[in-house]
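Colleague: I would like to learn how to read the features of a protein model, one at a time. Could you take me through this one slowly?

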Amino acid sequence: MAVKAPGGARSLTFRVLLLASLWSMLALVVIALVISTLYRRSAESSFQDLLRAQLYNVINSVSTDEQFQLTGSPQLGDLRFSQPQTGWYWIVEPIGENFPSEPMSSTSLGYGSIPIPDTETIPFDTRYERYYTTEDTFGNTVEVVETEVVLDQDGRTARFRVAGNRNVLEDDISAFSRNLYLALAGFGVGSLFLNAVAILIGLRPLDHVRKALEQIRAGQAERLGGIFPREIQPLVSEVNALIDSNRRIIERARMQVGNLAHSLKTPIAVLLNEARVLTVPHGELVRNQAEAMQSQVQSYLNRARIAAQRESVLARTEAASVLQRLARVMRRLNADIEFTLSIEPEDLMIAMEQQDIEEVIGNLLENAARYANTTVAIRAMLAPEEPDNGDTQRRRWIVLEVEDDGPGLEPDQIQEALKRGKRLDESKPGTGLGLSIVREITAEYQGNLTLSRGELGGLLAKLVLPAVAKDVA
């Protein structure tokens, strides 16, 4: 299904894809944060366990000699404790005046030192250990584990510290997080692609429904055909039932209109026949009134018929074929007048019944031919698209213009000309109902008729009629 922005925002596919994508990205972000947080905690705990294990290795390797000096050579199995300025150190300091020994430290510390916070700031825990983070004299951020141990029976006590370079821990956490984010990003892209494919496949039946409706609007089908999923089938059945009901209503209305027209046809014909045998003044009066009555009855019958069918999605007529045929007829009836025709684009489809369009355009052409000097111009074009008002389908309109090079009408005459039965020129034949019928039929299809002076100097009749609805989703 086509997805466009910003109008694509109204697409069901776009909405589902957007929500699924947002949810997937949010879930992946949360998962990444949770995993990275858990890994950090685990890495920090493992780091502290390593320092604690090294601390007790140092404790087990150090003792006092007969001169009450610290002695021992801790072998921790890590070269970083022997390489200078690495941030990995061990330190043993005697405590108390009865323990005059010199401190011991790893060769990696050299002449450097580590700031030691007091025990009030960071006290010992229940295991008589404490952990803290500080910075050595070489600029390394180190984490220290510390404890105090009694070394002999005389109560001589030493403070043991083992420090590890925290930058190593942070680098390990950063590398893990980076690899995690890359892996989740790849997984997320793949998931979004698979989600999009699954959603498009899942919503394909709705696209089939849309295409079936387009075929109905285009006159290529009369019902929604095909096999649809169980969830959509009730909708399809209801739409088909609505189309069938609409068709029955239209047919019933047409039949009733035909019956009424047939029942009135004979009485009016009798009046017209009787008018011919009456004396001239009375016969002419009866004949004119009977003709006016016949025209008005036909007009109201047309309005009733149009009202019954104007909401039908099946009402459509190809503009080119109707206009070309009417132009040919008018050329034969008015050999001294040139009729020009312009249609752009040529595939214009009007959402009206063909007989209504023929009656509307035919009235305008007869009126134009009656007053034209040499030329009548017929133009059909698609009106500019309406602004997007949020509807899933925006209505399009077709502009039909009939212009002549006759005397035209003044603004005050235009208002009079649109009144039912009003004739501005009694020297020309007619009933004065043509323009009013055109306006009424046009209004029934929610269009409009305007009259003005055209570029040819005569009357310009401009019709705005509904075009066949097109999907804009």
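Predicted model: local features only at pLDDT ≥ 70, side-chain atom pairs only at ≥ 80, totals over all residues.

Modeller: Let us begin with the words for elements: helices (H or I, at least four residues) and strands (E, at least two) are DSSP runs, numbered from the N terminus. Residues are numbered from 1 along each chain as its sequence is written, and side-chain values use heavy atoms, with hydrogens and water left out.

Colleague: What kind of peptide bond joins E344 and P345?

Modeller: Most peptide bonds are trans, and most residues other than glycine have a negative phi. The bond between E344 and P345 is cis, with omega at about -5°.

Colleague: Is Y128 buried or exposed, or something in between?

Modeller: Buried means under 20% relative accessible area, exposed over 50%, and partly exposed in between, with a 1.4 Å probe and protein chains only. Y128, at 40% relative accessibility, therefore counts as partly exposed, and Q446 counts as partly exposed at 47%.

Colleague: How are α1 and α2 packed?

Modeller: Two packed helices are described by the angle between their axes and the distance between the axes. Axes are lines fitted to C-alpha atoms, for helices over the stretch in contact, and angles run from 0 to 180 degrees between N-to-C directions. Here α1 and helix α2 (residues 166-202) pack at an angle of about 160°, with their axes 9 Å apart. That makes α1 roughly antiparallel to α2, since angles under 35 degrees count as roughly parallel, over 145 as roughly antiparallel, 65 to 115 as roughly perpendicular and the rest as oblique.

Colleague: How many salt bridges does the structure hold?

Modeller: A salt bridge is a side-chain nitrogen of Lys or Arg within 4 Å of a carboxyl oxygen of Asp or Glu, and the structure holds 20 of them. One of these is formed by E44 with R166, whose closest N and O atoms are 2.7 Å apart. This pair links distant parts of the chain, because E44 is in helix α1 and R166 in helix α2, 122 residues apart. E44 is partly exposed, with a relative accessible area of 24%, whereas R166 counts as buried at 13%.

Colleague: Where do R453 and E410 lie, and what joins their side chains?

Modeller: The side chains of R453 and E410 meet in a salt bridge at 3.2 Å, N to O. R453 lies in strand β13 (residues 448-453) and E410 in the loop between β12 (397-404) and α8 (411-417), so the pair ties together parts that are 43 residues apart in sequence. R453 is partly exposed at 40% relative accessibility, and E410 is partly exposed at 42%. Elsewhere, salt bridges that share partners join E93, R130, E146, E148, R159 and R161 into one network.
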